[in-house]
Amino acid sequence: MRRKFTESDILSNRQYRNRGETTLAKFVSSNGSVTGTLMIDPRRASGDESEILPVAIRVQYNGKKIYLRIGKTFVLSEWKALCEIERLGRNKNANERVELKSHLNKVERLVNLLIEEGAFTLKRLQERFSGITPEERTIYTVWDKYIENRKIDKLGTARTNTDVKRRFVKEMGTNVTFGDIDRSFIQKWATVMKKRGLSTTTIGISLRTFRAIVKVCIDEGLIKGDTREMFKDTGYNKSNSRKHEFLDVTTMHQLYNFWEKGEAKGENGKEIFYSHEKEAVFRDLGLFLFMYLGDGQNLADTLRLEYDEWYFSTHGKQLRFFRQKTHDRNESASEVIFPITPELKMIIDKHGNEPKLGRRVFPIMPRLLLPEKELWVIQRYNKYIGIHMNKVATLLGMEQKPTSTWARHSFATNLNNSGKVPYKYISDSMGHSSNGDITSNYIGAYPLEKMLEYNWYLLHEEKKPIASGKKELLELLKSMSKKEREDLLSSI
């Protein structure tokens, strides 16, 4: 186990403090034209001494450079301390430094061997270092490697890529070379998909997925070009393609009233649904409303939602989750805290578990499932919600047929259209914040009263009434229905 460096180790030398050295060792090639440096990869470094960064060998040649990562990571401050120990020639961590420098020696040997062969280029060095020759690399092998890497923590992305790659092979064949892939090739594939009758959404997902693979190939020097130009006018990522996928406040209120009523009777007064079907329809309508009222969650986050310490520290007034989609990219931006409004509490009381620390709010997806099984449950319930929302929409005479994703779009659209809610609140509530403020990890960005005030507009189009005194409060209570008074007392 690597020893933790003390502050005295790191700050013991004034020259080191001023210099901020991040280089452990270097080499110069046999002909003097190539240099290699064992260092921290600085491309994503923020300068924070406590951040963990990968170790890489930077190779420079003819004004260009590449970074060859060796599979090691270090806290920046500890790496600097290790470099200082190396510079001073001390015996501390000698074995660790020898092991690190062995990677540099390997690269130096590869560089000199390529120079002797008269075949040195940075691209060839990358290929030799990774153990893959150009003949072994194709768009298909790059895609397969991308899928394998995402199976660790992005199973949904891996599954999507698998499906899209299968479609790509079916429609474009198995002999596509890197040189074939340009703007005309991508437009040709888009045309093939359109002729097959695939929806705009499916085509967009396919092109967006393939674009990520092309970007990898461009970054590795396998394809020349720029993805912005290559995917221009292909239908990829149309800016207004999904703006219509929302339900307005009036419709959401209608859906909530239908859910609260809990029955669907025909003209003859008899229940339309069978008992098991009725239970499933109203459960899934409740989940849809929960996603909408719970700050526009997606289904995966709703099914993973737990009664955690935050729930109990706020006495059951708030819930918290980390957006699964962005948590691995930006932890500070993915935390969402939302208020348990009276409507949300009724949904939980009807369809949820009893509060217990660590227990999931809804008894749908058990804990400790394998990622593949979790994904299967999420996809299954996503399908159920679509089917059951279609039935509800038909019963209520709605022209739109919403799916689970409409809950998130509706949350953002309706709060924005209210004209009463700041855009920053909408963005923060949806987990879009990227300010990196560490304090926000420990305190709620908005008081509960302000959250309730803003989220009022999710089911009401009029301004939220405010009572300033006893007389006004009595008048307000008189104007409210029995149900509204019960909800108010419940929220208090």
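A residue counts as buried when its relative accessible area is under 20%. I start there because N93, at 18% relative accessibility, falls under that cut-off and counts as buried. Keep in mind that everything I show today comes from a predicted model.

Let me stay with N93 for a moment. N93 sits in the loop between α3, residues 76-88, and α4. Its phi is near 50 degrees, which is a positive value in a residue other than glycine.

There is another residue with a positive phi that is not a glycine, namely L368, at about 65 degrees. L368 is found in the loop between α16, residues 342-351, and α17. Is L368 buried or exposed? L368 counts as exposed, because its relative accessibility is 85% and the cut-off for exposed is over 50%.

Now the chain as a whole. There are 492 residues, and 41% of them count as buried. The secondary structure comes to 22 helices and six strands. The chain exposes about 27,800 Å², and carbon and sulfur atoms supply 50% of that area. As for contacts, take those in the chain with a separation of 6 or more: residues 24 or more positions apart account for 61% of them.

How many residues does the largest nonpolar core have? The answer is 60, and those with the most contacts inside this core are L255, F290 and L319. Helix α12, residues 275-293, gives the most to this core, with ten residues.

Take F290 from that list. Not counting residues up to four places away in sequence, F290 touches Q297, T302, L305, L319, F338, L344, I347, I348 and F362. L319, one of these partners, is also among the residues with the most contacts inside the core.

Helix α17 covers residues 371-395. M389 lies in this helix. At 2% relative accessibility, M389 counts as buried. Leaving aside neighbours within four places in sequence, M389 is in contact with L255, L285, F288 and P402. M389 and L285 are 104 residues apart along the chain, yet their C-alpha atoms are separated by 6.5 Å.

P402 counts as buried, with a relative accessibility of 1%. Again leaving aside neighbours within four places, the contacts of P402 are L247, F288, G386, M389 and A393. From P402 to F288 is 114 residues in sequence and 9.5 Å in space, C-alpha to C-alpha.

In that loop there is also S404, and α18 covers residues 405-418. S404 has a relative accessibility of 4% and so counts as buried. Beyond its neighbours within four places in sequence, S404 is in contact with F288, M291, N382 and I385.

Let me move on to how helices pack. Helix α7, residues 155-172, packs with helix α9, residues 200-219, at an angle of about 100 degrees, and their axes are 10 Å apart. That angle makes α7 roughly perpendicular to α9. From α7 the contact uses T160, N161, V164, R167 and F168, and from α9 it uses T202, I205, S206, T209, F210 and I213. These residues divide into five nonpolar, five polar and one charged.

Helix α7 also packs with α17, at an angle of about 75 degrees and with the axes 10 Å apart. So α7 is roughly perpendicular to α17 as well. Here L155, G156 and R159 in α7 meet P371, E372, L375 and Q379 in α17. The residues of this contact divide into three nonpolar, two polar and two charged.

One last residue takes us back to the part of the chain where I began. R97 lies in helix α4, residues 94-116. Where does its relative accessible area put R97, buried or exposed? R97 is buried, with a value of 6%. Not counting residues up to four places away in sequence, R97 touches L24, L82, I85, E86, R90, N91 and K92.

That is the tour.

Conventions. Residues numbered from 1 in each chain as written. Predicted model: local features only at pLDDT ≥ 70, side-chain atom pairs only at ≥ 80, totals over all residues. Heavy atoms only, no water. Core = buried A, V, L, I, M, F, W, Y, C linked by side-chain atoms within 4.5 Å. Buried < 20%, exposed > 50% of the residue type's maximum accessible area, 1.4 Å probe, protein only. Helix = DSSP H or I, 4+ residues; strand = E, 2+ residues; numbered from the N terminus. Contact = heavy atoms within 4.5 Å. Areas by Shrake-Rupley, 256 points an atom, 1.4 Å probe, with all protein chains shown as cover. Axes fitted to C-alpha atoms, helices over the stretch in contact; angles between N-to-C directions. Parallel < 35°, antiparallel > 145°, perpendicular 65-115°, else oblique. Nonpolar A, V, L, I, M, F, W, Y, C, P; charged D, E, K, R; others polar.
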